Amino acid sequence: MSLPQDELRRITAVQAYEERLLFLLLTLRSPGVRVIYVSSVPVDPAIVDYYLGFLEDPAGARGRLHMVSTDTPGAQPLIRSVLNRSRVLDRLRGLVGGGEDAWLLPFVVGEDEHRLAEALSVPIYGPSRELADLGSKTGSRRVGEEAGVPMARGFADLRSLPEIEHAARALNPGRRVIVKLNDGYSGLGNAVVETAGGRALADSPTSFSAHGETWDTFADKICERGAVIEEFIEDRPLYFPSALARITPGGHFDVVATHDQVLGGANADVFQGCTFPARARYRRQVSECAERISRVLAERGVIGMFGMDFFALKTDAGYRALLCEINLRIGGTTHPFGAALLTTGASYDPVGGTLVADGRPKHYAATDNCASSLLRGRSPGEVVRMVEQLGLGFDRDRRTGNVLHLLGAVTEYGKVGFTSIADSTKEAAELHVRTLRALGAGR
């Protein structure tokens with residue numbers, strides 16, 4: 001992925017994360033759709049078979065699916081590998097053909113993604129070069145201000161450690177502040193600093209999200225990439241909802257889902273999974289803020305799917321949602337939402353904030369981090385069969401069960417992801433826990 005590589009490599013089995021968009025193979029249900037799926041290593045045929053198995057006509061779908069690999073594991077971002085290989089570029093041009101109704105959907109939209117789109121003469125379903133910064137931490141605060149949504153107190157567009165120090169003094173925070181790199185993701189690129197005692201930030205107790213980070217390395221990244229500083233929200237209980245939205249090329253925008261994020265790591269700020277929908281107690285506030293943000297982005301000309309992360313905290317008057325950040329890219333909640341949407345045939349009810357299929361609501365719990373020694377060494381096909389034999393697979397008639405992802409991480413790392421879909425929040429949670437235990441991760 002076209003993200004900072006030093007942090008990306010800290011994610012276990014990160015190579016398999018390029019499989020996150022395989023749920024889009026389910027769009028082959030429509031006979032007019034063709035999918036060209038590009039990866040840096042070949043996707044195991046058993047994984048492709050697994051996704052096509054959700055369709056009524058797997059053989060027909062396979063004829064409209066083209067799996068293309070650059071055979072460059074871990075060397076550099078996938079898009080750069082494609083651009084550097086004329087053979088791969090020529091093959092993609094041939095598959096795209098005239099490209100009149102084709103488009104490019106990358107995980108992240110950056111300069112290289114735009115170069116590839118131009119090389120293939122197809123548009124990107126994502127923001128233009130000029131608007132990409134609206135998805136940075138600094139851009140998020142500016143959009144939030146324009147949209148009039150609440151945010152934690154803070155300062156943006158900081159380019160050096162002295163600027164961070166000055167902003168921290170002006171902020172006059174409570175016990176802690178959080179410094180976030182502009183292009184950090186999944187909670188990586190953050191530093192939580194204890195501010196008591198009047199010491200300089202670099203001399204204060206600090207917890208970095210990225211293992212092995214120091215103030216020397218972090219200060220260099222601040223100069224290179226920019227950062228924001230915000231007061232650390234100490235309120236408890238504190239919840240971490242998010243929203244998904246889309247903007248079409250015509251400027252129409254929709255909020256299509258809300259989630260509660262499951263976080264972990266040193267500062268409990270690294271994405272581990274999610275549940276859908278967000279809790280009813282603050283779902284409306286999150287949706288309203290997301291709609292106001294989406295309107296601003298649509299007016300600016302942004303196109304594509306994107307996510308917004310929030311804090312939800314209890315007040316005397318109820319619950320309040322604070323914008324944390326905007327991610328103008330595919331995020332951790334996109335693939336479970338897409339999998340649930342396409343396997344159940346549901347549609348989103350904006351009034352209730354739920355997915356509805358055949359008059360029944362659909363709820364789910366998802367994880368990216370089911371890891372156990374029981375799984376290590378097994379093939380993707382073996383894990384698929386194990387889940388099905390345990391009665392934990394997807395039931396087409398009831399439109400409930402598990403949809404697996406990150407299967408490419410199973411053999412070497414014993415890691416897999418899955419989305420547990422059911423007719424209620426309770427049933428989805430119970431199925432999720434039962435599956436974790438069956439796979440050896442919940443014991």
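This is a predicted model: local features need pLDDT of at least 70, side-chain atom pairs count only at pLDDT 80 or more; totals for chains, interfaces and linings use all residues.

Trainee: Where is glutamine 285 found?
Mentor: In helix α10, residues 280-300. Helices here are DSSP runs of H or I with at least four residues, strands are runs of E with at least two, and both are numbered from the N terminus.

Trainee: What does glutamine 285 touch?
Mentor: Tyr319 and Ala321, not counting residues up to four places away in sequence. Contact means heavy atoms within 4.5 Å. A polar atom of the glutamine 285 side chain also lies 3.2 Å from the backbone oxygen of tyrosine 319.

Trainee: Next, α7. How many of its residues are buried?
Mentor: 8 of 11, so helix α7 (residues 137-147) is mostly covered. Among the buried ones are Lys137, Arg141 and Val143.

Trainee: What covers them?
Mentor: The cover includes β3 (154-158), β4 (176-185), β7 (227-231), α10 and β13 (318-327).

Trainee: How do α7 and α10 cross?
Mentor: At roughly 105°, with the axes coming within 9 Å. That makes α7 roughly perpendicular to α10. Axes are lines fitted to C-alpha atoms, for helices over the stretch in contact, and angles run from 0 to 180 degrees between N-to-C directions. Under 35 degrees counts as roughly parallel, over 145 as roughly antiparallel, 65 to 115 as roughly perpendicular, and the rest as oblique.

Trainee: Which residues make that contact?
Mentor: Val143, Glu146 and Ala147 of α7, with Arg292, Ile293, Val296, Leu297 and Arg300 of α10. They divide into 5 nonpolar, no polar and 3 charged. Ala, Val, Leu, Ile, Met, Phe, Trp, Tyr, Cys and Pro count as nonpolar, Asp, Glu, Lys and Arg as charged, and the others, Gly among them, as polar.

Trainee: And at what angle do α5 and α6 pack?
Mentor: About 60°, with the axes of α5 (residues 86-96) and α6 (residues 111-120) 10 Å apart. That makes α5 oblique to α6. Leu89, Leu92, Arg93 and Val96 of α5 meet Leu116, Ala119 and Leu120 of α6.

Trainee: Switching to rings. How many aromatic pairs?
Mentor: The count comes to 12. Rings of Phe, Tyr and Trp (its six-membered ring) pair if their centres lie within 6.5 Å; planes under 30 degrees apart count as stacked, over 60 as edge-to-face and the rest as tilted. Phenylalanine 276 and tyrosine 364 are stacked, because their ring centres are 4.9 Å apart and their planes at 10°.

Trainee: Where do those two lie?
Mentor: Phenylalanine 276 is in strand β11 (residues 270-276) and tyrosine 364 in strand β16 (residues 360-371), so the pair ties together parts 88 residues apart in sequence. Phenylalanine 276 is buried at 1% relative accessibility. Tyrosine 364 is buried, with a relative accessible area of 1%.

Trainee: Which residues form an aromatic cluster?
Mentor: Tyr50, Tyr51, Phe54 and Phe394 form one.

How values were computed: Residues are numbered from 1 along each chain as its sequence is written. Side-chain values use heavy atoms; hydrogens and water are left out. A polar contact is a pair of N or O atoms within 3.5 Å; within protein, one must be able to donate a hydrogen and the other to accept it, and residues adjacent in sequence count only if both atoms are side-chain atoms. Buried means under 20% relative accessible area, exposed over 50%, partly exposed in between (1.4 Å probe, protein chains only).
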